[in-house]
Amino acid sequence: MSTDNLLKTITVIGSGYVGVTSAALFANAGFKVYALEINPKRLAAIKRGKSFFYEEYLNPLLSRAVSSGSLVGTDSYEQAIPDSDVIFSCVGTPDNPDGSSNLSYVFASAREVAQYAKKGAVFAQKSTVPVGTGIEIEQLFREAGADIGYVSNPEFLREGTALFDSLWPDRLVVGGSSDVANKSVMAVYKSVIDHRNDIAKFVGMEIDAAIRDNQPRYLSTSRNSAELMKVSANAFLALKISFANSIAKLADAAGADVVEVMDGIGCDTRINRAFLSAGRGYGGGCFPKDVSGLISSGLKYGIDLQIMQAVSTENESMPGYLLEKVVKHLNGTSLAGKKVAVLGAAFKAGTSDMRRSPAARIVDLLISKLEANVYIHDPEAFKEEGFDAEINRNATIVATTEDAMKQAEIVVIATDWNHYKSYPIESYAELMAGNLIVDGMNCLDPKTVRAAGLNYIGVGR
Ligand code: UGA
């Protein structure tokens with residue numbers, strides 16, 4: 001590790017998915033970092049050099065930083081903030097029942113920072129906030145007499161590939177009116193980029209030679225543009241997914257394969273194949289919340305974002321649509337009391353996060369509508385305490401794929417973990433009592449499944 005940053009001290013407020021990843025990287029890039037977390041369980045995990053959630057490569061970085069003393073976990077603003085040159089706010093912004101963002105943690109942490117920060121410190125907002133929030137926090141700082149710079153610093157990492165996304169980002173964005181403040185936040189990221197090869201090597205992350213030297217675009221924008229950019233980026237990706245899902249329904253009706261359709265249109269560089277995979281819909285802590293947050297922001301400013309309402313409605317319909325296909329296939333045969341295996345619980349592969357997971361919706365519908373006896377497996381989601389609370393309590397959580405599939409009438413793939421994709425299809429056939437594979441992620445090859453003597457249902461194929 002270089003010594004050039006040792007005099008710079010950073011606080012990362014909030015040890016959620018973004019906060020822990022950022023704190024680990026800053027600490028491994030040579031900064032002294034406080035991870036400020038008020039949840040005792042999350043804080044205890046940090047102090048042990050561990051994360052409360054599963055993310056590949058993260059724990060070795062946390063563990064190295066905690067044992068070297070460059071990362072310090074604390075629940076005290078008084079301890080962390082007075083020393084800090086840059087303070088990153090990564091607190092949660094859950095949604096209110098009306099779809100708007102609940103900003104109570106954002107304002108509470110800003111108030112604490114205003115109380116303790118030294119003159120000239122910079123507050124970088126990484127929490128996803130609706131456009132117009134920064135101006136209110138600047139006002140709060142002024143009223144508190146705190147001489148602190150404010151920068152909107154949206155985060156674009158994905159769970160499951162968080163470390164790669166942070167080390168090889170497409171763009172880094174700072175939005176604020178002070179050049180000095182913008183520069184000091186950007187300097188932190190530049191330092192991470194300078195250290196990225198060492199960090200990747202340390203955790204054993206393989207980087208394709210073709211992209212190893214790729215540099216991010218460094219964008220300096222207005223505060224409001226940066227805020228709106230973040231939510232709009234997520235909303236646009238959600239829109240692509242819902243577009244693919246509506247074409248999938250048409251493909252089902254018309255006898256086309258949505259995967260072939262999307263592969264074809266994705267060749268157009270103006271469109272791009274990413275986020276056009278149809279399936280059981282999107283979930284997680286970001287897309288559902290950001291789509292409804294954008295609708296709310298629109299309403300606040302008198303703009304009716306009907307297009308985003310349609311994105312959300314389409315997405316909500318997908319778990320039910322998948323099961324309607326199953327019911328049609330069964331042609332009157334009841335699933336009541338029969339064993340159904342659901343493979344995957346997390347909202348996507350590579351994470352233990354189950355927030356708004358479509359897999360949980362599928363389980364609910366299987367139990368409440370079809371009265372099935374559901375056995376669910378996930379390689380990571382159930383390891384952390386409390387995660388099973390997201391799953392219908394009548395579902396049986398099992399430890400192995402085999403326990404789920406043994407004697408099942410139907411296997412539903414709800415999250416496309418590599419383990420399920422690479423599991424030999426003959427073993428599916430051997431373990432099951434029935435013969436129906438429901439591929440909610442379109443991640444298996446229908447021909448291979450059928451060649452093994454099984455029936456296949458996908459989304460739009
Ligand atoms: C998303 C964005 O991709 C990140 O850029 C952003 O930083 C992050 O939200 C955030 O705001 O913090 P994330 O929610 O971790 O990242 O996961 P994604 O990879 O975007 O997937 C979201 C959902 O869309 C998952 O349920 C996934 O299964 C689904 N999805 C994704 C599809 O159904 N089809 C696709 O083609 C792609």
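Lys-126 and Glu-155 meet through their side chains in a salt bridge, with 2.5 Å from N to O. Lys-126 sits in the loop between strand 5 (122-125) and helix 6 (133-143), and Glu-155 sits in the loop between strand 6 (149-152) and helix 7 (162-167), so the pair ties together parts that are 29 residues apart in sequence. Both Lys-126 and Glu-155 are buried. The model is predicted.

**Salt bridges**

- Side chains of opposite charge can pair when their charged atoms come close.
- The count of salt bridges comes to 18.
- Asp-268 pairs with Arg-270 in a salt bridge, and their closest N and O atoms are 2.7 Å apart.
- Asp-268 has a relative accessible area of 24%, so it is partly exposed.
- Arg-270 reaches 74% relative accessibility, so it counts as exposed.
- Glu-316 and Arg-361 form a salt bridge through their side chains, at 3.4 Å from N to O.
- This pair links distant parts of the chain: Glu-316 belongs to helix 13 (residues 306-330) and Arg-361 to helix 14 (residues 358-368), 45 residues apart.
- Glu-316 is partly exposed, with a relative accessible area of 45%.
- Arg-361 is partly exposed too, with a relative accessible area of 32%.

**The whole protein**

- The protein contains 18 helices and 14 strands.
- Its C-alpha trace spans about 70 × 50 × 45 Å along the principal axes.
- Why compare the radius of gyration with that of a compact globule? With 461 residues, such a globule would have a radius near 23 Å, and the protein has 23 Å, so the two agree.
- Of the 461 residues, 56% count as buried.
- Among contacts with a separation of 6 or more, 74% come from residues 24 or more positions apart.
- The protein exposes about 20,100 Å². Carbon and sulfur atoms supply 52% of that area.
- There are 46 positive and 53 negative side chains. The centres of these two sets lie 2 Å apart.

**Val-363, a buried residue in helix 14**

- Val-363 has its place in helix 14.
- Is Val-363 buried or exposed? Its relative accessible area is 0%, so Val-363 is buried.
- Which residues does Val-363 touch, not counting those up to four places away in sequence? They are Val-342, Val-374, Ile-376, Ile-391, Asn-392 and Ala-395.
- Asn-394 is 31 residues from Val-363 along the chain, and their C-alpha atoms are separated by 9.3 Å.

- Most residues other than glycine have a negative phi.
- Glu-371 has a phi near 55°, a positive value in a residue other than glycine.
- Glu-371 lies in the loop between helix 14 and strand 10 (373-377).
- The relative accessible area of Glu-371 is 52%, so this residue is exposed.
- Asn-442 has a phi near 50°, again a positive value in a residue other than glycine.
- Where does Asn-442 lie? Asn-442 is in the loop between strand 13 (436-439) and helix 18 (446-451).
- Asn-442 has a relative accessible area of 12%, so this residue is buried.

**Asp-416, a partly exposed loop residue**

- Asp-416 is found in the loop between strand 12 (410-413) and helix 16 (418-422).
- With a relative accessible area of 21%, Asp-416 is partly exposed. The cut-off matters here, because buried means under 20% relative accessible area.
- Asp-416 touches Ala-349, Lys-421, Met-441 and Cys-443, leaving aside residues up to four places away in sequence.
- Ala-274 is 142 residues from Asp-416 along the chain, and the C-alpha atoms of the two are separated by 16 Å.

How values were computed
Residues numbered from 1 in each chain as written. Predicted model: local features only at pLDDT ≥ 70, side-chain atom pairs only at ≥ 80, totals over all residues. Heavy atoms only, no water. Salt bridge = Lys/Arg side-chain N within 4 Å of Asp/Glu carboxyl O. Helix = DSSP H or I, 4+ residues; strand = E, 2+ residues; numbered from the N terminus. Buried < 20%, exposed > 50% of the residue type's maximum accessible area, 1.4 Å probe, protein only. Rg over C-alpha atoms; globule rule 2.2 N^0.38 Å. Contact = heavy atoms within 4.5 Å. Areas by Shrake-Rupley, 256 points an atom, 1.4 Å probe, with all protein chains shown as cover. Lys, Arg positive; Asp, Glu negative; His and termini not counted. Charge placed at Lys NZ, Arg CZ, Asp CG, Glu CD.
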